[in-house]
Amino acid sequence: MFNQHDITRNACMLRGPLAHLGYDWWWHSFTAQDEETGEDKAFFIEFFICNPALGEEEPVLGQLPENKDAGKRPSYLMVKAGTWGEDHCQLHRFFGWKKVHIHPDGPYRIKAEDCQASEDHLTGSIRITDDEVIKHPEWMCDAGEMTWDLSIEKQIAFNVGYGAGRTLRDIEAFAMYWHAEGMKSSYKGMVTFNGRKYIVTPEKSYGYADKNWGRDFTSPWVWLSSNCLFSKKTGKQLMNSVFDIGGGRPKVYFVPLDRRLLGVFYYEGKEYDFNFSKLHLMVKTDFSFEEQEDLVVWHVRQENIHAVMETEVYCRKKDMLFVNYEAPDGTKKHNRLWNGGNGWGTVRLFEKKAGQLIPVDEIEATHIGCEYGEYGQ
């Protein structure tokens, strides 16, 4: 069973060796409506922490030439916020550790000045000028202004588990971990972006909330998720459903497991689990990513001993951005990490019975969160 809420997995994980070489982030994405026009607009907000044991009074930015020359690794809280669409942007605000307050256990809470994130609430603001973008390329961000005040209800979880329960996590066997406490979440509140006001309502927020932590990133990097789903079988919206796919090339004790994905579909209360770390499910995965002239496209086929899920997702390049992070060792490994929130596509579910594939449903998905990137691109 993957729909198991566990707020202890949302706690800060940067202890022991990971405090010196590790990252932890809390990601939130959702859709709002323009107060004047009613038009949908997708946003994201993330709290990203890196190497707290190396912290100084001011944030230590790994892309600064003087820090590279001195061998300093990054250490800070980075609050990331932005939007997708033709005016897509990512805004970064950095804090040194003396300004950061983190509740060490679950339920998590992290705060720095007016920016705060917890299990059920997000507040904050970022303002970056054009001049600052030019003067500070080490900030790795765009110009713009955004404020937010949001409440969150996390409804359906994807508790990855990693096969051997807590054991593999506690001994840091994997280089990158994932937990989606709210792979289906509802958001409520307000966002202002570049002078316009957007209203966030639970029934039209199509929200998502997860976290990743570890000592390194994955390459390739894959993420696909949506809970704005319509059944072709019934013609109705699926109100109690969500799918989530992530991973790419996980590492166990620095040994890569090539092209593995974690995938689930919570279909109106029934669970379809394609988690490769659950060996008894005998999961098989094939996936590809292609860049066309105006679109990027994901193809994923996952199979276990009980079912098959085939996922095809599209997103317009003009609506996406290359999301920026630096790794805990100070390198910037992903330079073309496609990131979007306006994807659309189809998911086909089948069950295996008597050696045959029996169709369950074909689902149309919109408001899909989507990512893909590889090192060296």
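## Close-up views of a predicted model

**View 1. C370 is buried, with a relative accessible area of 0%.** The model shown in these views is predicted. The closest cysteine sulfur to that of C370 belongs to C315, at 3.9 Å. A disulfide needs two cysteine sulfur atoms within 2.5 Å, so the distance between C370 and C315 is too far for a bond.

**View 2. C228 is buried, with a relative accessible area of 4%.** For the sulfur of C228, the closest cysteine sulfur is in C370, 14 Å away. This distance is too far for a bond between C228 and C370. Searching the whole structure gives zero disulfides.

**View 3. Strands β10 and β11 form a hairpin.** Strand β10 covers residues 176–193, and strand β11 covers residues 196–200. Two residues lie between β10 and β11. The strands β10 and β11 run antiparallel and are joined by five bridges. Within this pairing, G189 has V200 in β11 as its bridge partner.

**View 4. Strand β11 is also joined to strand β1.** Strand β1 spans residues 23–34 and runs antiparallel to β11. Two bridges link β1 and β11. The bridge partner of D34 in β11 is Y198. In a regular strand, side chains alternate between the two faces of the sheet.

Note on methods:
Residues are numbered from 1 along each chain as its sequence is written. This is a predicted model: local features need pLDDT of at least 70, side-chain atom pairs count only at pLDDT 80 or more; totals for chains, interfaces and linings use all residues. Side-chain values use heavy atoms; hydrogens and water are left out. Two strands pair if DSSP finds at least two bridges between them. Helices (H or I, at least four residues) and strands (E, at least two) are DSSP runs, numbered from the N terminus. Buried means under 20% relative accessible area, exposed over 50%, partly exposed in between (1.4 Å probe, protein chains only).
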